[in-house]
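Look at the sequence and the model together. The paragraphs below go through a few of its parts in turn.

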Amino acid sequence: GWDHAKGEWLLFADADDFYVEDMYDIISSNADSEADVIYFKKESVYSENIIQKTDRDVYIDRMINNYYANGDEWPLRFMYCPTWGKMIKRDLINKFNIRFEEIRYSNDAFFSLFVGYHAETIEVVNKVLYVLTSRPDSLVANYCSKPNELRIRAEVHYRSDLFLHQHQMCKERSMKQYLLLMFNNDRKLFKYYFFKLDEIYPSKLSALRDISKDKSIRFKIKFYLYSFLIWTRVV
């Protein structure tokens, strides 16, 4: 689609979502912005009853609220993975040839990371532009429980963290949640990434601390013991 786009700005939408009623007015009032990317808030509702709200992707509004509280752009630039809810300069996309990956899950993660990385300036608008819908058969439903989903998503976010780590820009690791999912659901995959942890962390020990942070003592004992057994190649 963007190979044929002619406008100054690009906006994206999933087929099962929609924009707010005053979307055109919101876009028009920001059309003259000199920023490369403009980030907006979102709402989420049930697909079969759009009057009823859900808590899907609440982290996005939290990042915007934090931005207004402390001015920290980093989470928006590098952790706001979806492409919806943004106005993106077409020239930025063309200049750096930023494209979606041809994969089933998380195909927009690197796109959004590169947009955030290459944008000279960003703007954040404290308004809702986009409305997500939730339904039981969507790609994000029953997260990481479908065949190969965890493997595909984990690889994308490992590469994202690796990119930021190599550029000395990694404040948080999106891979953390996938390592926890692997530990609970796919030990073989966990073992594979265990030996790659020091590629995205200063050390394996710092990785283990981060992954188990805020977890119970019981979990930490189990987690550290299993990690030690992997480290010594007992399991």
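How many residues does the hairpin that joins β3 to β4 pass through? The model is a predicted one, and in it the hairpin links β3 to β4 through 2 residues. The two strands run antiparallel, and 2 bridges join them. Across the pair, Tyr-46 stands opposite Asn-49 in β4.

A residue counts as buried when its relative accessible area is under 20%. In α5 the buried residues are Ala-109, Phe-110, Phe-111, Ser-112, Leu-113, Val-115 and Gly-116. They pack against β3 (37-46) and β5 (86-89), and also against the helices α3 (74-79), α4 (90-96) and α6 (149-166).

Further along the chain is a pair of packed helices. Two packed helices are described by the angle between their axes and the distance between the axes. For α7 (residues 175-185) and α8 (residues 187-194), the angle is about 135° and the axes are 6 Å apart. Angles over 145 degrees would count as roughly antiparallel and those from 65 to 115 as roughly perpendicular; α7 and α8 are therefore oblique to each other.

Which residues meet where these helices touch? From α7 come Met-175, Leu-179, Met-182, Phe-183 and Asn-185, and from α8 come Arg-187, Leu-189, Phe-190 and Tyr-193. Sorted by class, this contact of α7 with α8 has 7 nonpolar, 1 polar and 1 charged residues.

Note on methods:
Residues numbered from 1 in each chain as written. Predicted model: local features only at pLDDT ≥ 70, side-chain atom pairs only at ≥ 80, totals over all residues. Heavy atoms only, no water. Axes fitted to C-alpha atoms, helices over the stretch in contact; angles between N-to-C directions. Helix = DSSP H or I, 4+ residues; strand = E, 2+ residues; numbered from the N terminus. Parallel < 35°, antiparallel > 145°, perpendicular 65-115°, else oblique. Contact = heavy atoms within 4.5 Å. Nonpolar A, V, L, I, M, F, W, Y, C, P; charged D, E, K, R; others polar. Buried < 20%, exposed > 50% of the residue type's maximum accessible area, 1.4 Å probe, protein only. Pairing = 2+ DSSP bridges.
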